[in-house]
Amino acid sequence: MPDTAEKQACDLLIEAPWVLPVAPENVALADHAVAVSEGIIVAIGPSQALKQQFAAEEHVVVTDGILTPGLINAHTHAAMSLLRGCGEDLPLQSWLNERIWPLEGKLVDSEFVRTGTALGVAEMLASGTTTFSDMYFFPEVCAEVARNAGMRVQLAFPLFDGANAWSESIDDCFSKGLELHDRYRDDPQVIVAFGPHAPYTVNRKALEKIQMLSEEINLGIHIHLHENAAEVAEARSLNGVSWVEYLADMGFLSPQLQAVHMTQLTEREIELTATNGVHVIHCPHSNLKLASGLCPTTALREAGVNLAIGTDGAACNNTLDVLQEARTASLLAKHDAGRADAGCVRDTLEMATLGGARAIGMETSLGSIEPGKRADLAVFEPTGFATLPLLDPFASLLHGAPSYRASHVWVDGRAVVRSGALTNIDTQALRRDVEQQAERVRAAL
Ligand SMILES: [Zn+2]
């Protein structure tokens with residue numbers, strides 16, 4: 001055995017009884033380790049071999065747990081965590097028009113977004129998510145909160161027709177959003193994308209401008225699309241075609257497009273989605289809770305579409321826990337396809353990690369445990385009898401999700417959760433801020 005002097009130095013060596021790297025092979029590796037240097041994964045291999053190869057500054061030995069890539073929440077509105085429980089048992093259109101939008105009109109300002117985003121970020125980090133895609137007002141505040149917490153974010157800056165608390169007009173949305181792109185263009189922790197709310201809230205000229213700019217400056221586009229049947233029916237009565245067909249006619253469908261929800265899809269729309277390389281972000285809890293309908297994930301997968309998982313906002317979920325969301329995605333896929341082999345646990349874990357990375361254009365640096373990728377990692381520790389015996393780590397983690405907690409989480413190799421505790425967030429101060437904002441919410445109800 002070589003002595004320490006001959007060993008290669010690294011910053012962090014994590015040993016775990018199980019490692020699920022997702023790629024290059026989506027397999028379970030027993031007694032493996034991961035070495036990290038300067039925020040980058042430098043090696044993955046059997047623990048014994050890596051212990052001999054590396055002298056690590058910090059050596060974490062997980063005695064009971066599963067190491068995975070950090071989860072990616074490909075669609076949320078983190079600040080809406082403050083509206084958790086505000087609009088229960090309502091269908092989408094009443095939920096939005098009668099509940100959420102009037103409340104947001106009264107409540108949303110930069111402090112609401114700061115506290116709400118901090119709450120969402122705390123919940124996501126504590127449940128093993130390392131990157132989230134956010135679409136909300138005051139995205140500059142969201143970027144600050146995420147960076148301070150050590151979390152990675154895709155800021156899909158909002159674009160809406162008309163004025164709102166953040167912007168006077170859609171032109172104002174463009175200029176504020178593009179300013180953010182300039183500010184963060186060299187920051188790997190903040191990825192900027194266009195966030196047109198939906199084709200029914202953004203006029204055609206603005207959509208054309210988004211499409212043109214997206215090609216010109218190579219930015220993703222993140223949009224709610226085909227969220228429910230009423231939305232699709234409205235499109236047909238307005239335009240004679242569905243929103244997917246409407247966008248396809250404009251040439252808006254492309255590999256830059258991240259389409260969120262995608263329920264009620266016809267075979268033709270699935271084909272349009274696949275041939276244009278559109279990414280689909282599945283938000284099963286939100287779809288179930290608002291009775292929006294189902295995203296046909298199995299048909300999309302079989303057509304070759306990349307799938308990712310989002311929690312949507314906490315006001316229609318009510319949590320931001322991607323692992324729980326993945327469990328539901330798996331069960332729902334089986335129900336929807338009428339086949340037990342649909343939504344298999346390996347594919348579902350890929351959706352919650354590498355699928356999300358592909359959707360936001362970061363698949364070369366995020367989403368799997370491979371040398372050369374950023375060290376965004378999570379350890380899930382079993383907490384109860386429901387995880388025993390551990391015969392299949394994929395099934396145990398996905399279907400036993402409620403019995404796991406994220407004990408350690410790293411972003412760029414920096415610990416953001418250590419032994420279950422958030423390292424960069426003052427949780428007492430956060431609770432006080434949340435209570436202060438909650439008083440405003442109660443007064444506005
Ligand atoms: Zn949404």
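**Figure 1. The whole chain and its secondary structure.** The secondary structure of the chain in this predicted model comes to 15 helices and 17 strands. The radius of gyration is 21 Å, close to the 22 Å that the globule rule gives for 445 residues, so the chain is as compact as a globular protein of that length. Along the principal axes, the C-alpha trace spans about 75 × 45 × 45 Å. Of the 445 residues in the chain, 53% are buried, and among the contacts between residues at least 6 apart in sequence, 72% join residues that are at least 24 apart.

**Figure 2. The two domains and the side of domain 1 that touches domain 2.** The domain assignment gives domain 1, made of residues 4–69 + 374–420, and domain 2, made of residues 78–359. The C-alpha centres of domain 1 and domain 2 lie 30 Å apart, and the contact takes 22 residues from domain 1 and 22 residues from domain 2. On the side of domain 1 that touches domain 2, at least two residues each are supplied by E5, E14, H14, strand E15 (404–411) and strand E16 (414–418). The residues of this side of domain 1 divide into 17 nonpolar, 3 polar and 2 charged.

**Figure 3. Strand E5 and its pairing with strands E1 and E14.** Strand E1 (residues 8–19) and strand E5 (residues 66–69) run parallel and are joined by 2 bridges, with Val 19 standing opposite Leu 67 in E5. E5 also pairs with strand E14 (residues 377–382), in this case in the antiparallel sense and over 4 bridges.

**Figure 4. Two cis peptide bonds in loops.** Asn 317 and Asn 318 are joined by a cis peptide bond, for which omega is about 15°. Asn 318 lies in the loop that runs between strand E13 (307–309) and helix H12 (322–337). A cis peptide bond also joins Leu 388 and Pro 389, with omega about -10°, and Pro 389 belongs to the loop between E14 and helix H14 (393–399).

Figure 5. Asp 31, a residue other than glycine, has a positive phi near 50°, and its place is in strand E2 (residues 29–37). Because 12 other C-beta atoms lie within 10 Å, and a residue with 12 or fewer is called exposed, Asp 31 is exposed. Glu 38 likewise has a positive phi, of about 50°, although it is not a glycine, and it lies in the loop between E2 and strand E3 (40–46). Glu 38 counts as exposed, with 10 C-beta neighbours inside 10 Å.

**Figure 6. Helix H3 and the glycine that follows.** Helix H3 (residues 110–126) has 17 residues, which at 1.5 Å a residue should span 24 Å, and the end C-alpha atoms are 24 Å apart, which agrees. Of the 17 residues of H3, 13 are buried, so the helix is largely enclosed by the rest of the structure. Just after H3, Gly 128 takes a positive phi of about 90°.

**Figure 7. Gln 256, a buried residue in a loop.** Gln 256 is found in the loop between helix H8 (243–250) and strand E11 (257–261). Gln 256 is buried, because 22 other C-beta atoms lie within 10 Å and the cut-off for a buried residue is 20 or more. Leaving aside residues up to four places away in sequence, Gln 256 touches Ser 214, Gly 220 and Ile 221. Gly 70 is 186 residues from Gln 256 along the chain, and the C-alpha atoms of these two residues are separated by 23 Å.

**Figure 8. Asp 341, an exposed residue in a loop.** Asp 341 has its place in the loop between H12 and helix H13 (345–359). Asp 341 is exposed, with 10 other C-beta atoms within 10 Å.

Notes
Residues numbered from 1 in each chain as written. Predicted model: local features only at pLDDT ≥ 70, side-chain atom pairs only at ≥ 80, totals over all residues. Pairing = 2+ DSSP bridges. Rg over C-alpha atoms; globule rule 2.2 N^0.38 Å. Contact = placed C-beta atoms within 7 Å. Expected span 1.5 Å × (residues − 1). Domains from an automatic or database assignment. Nonpolar A, V, L, I, M, F, W, Y, C, P; charged D, E, K, R; others polar.
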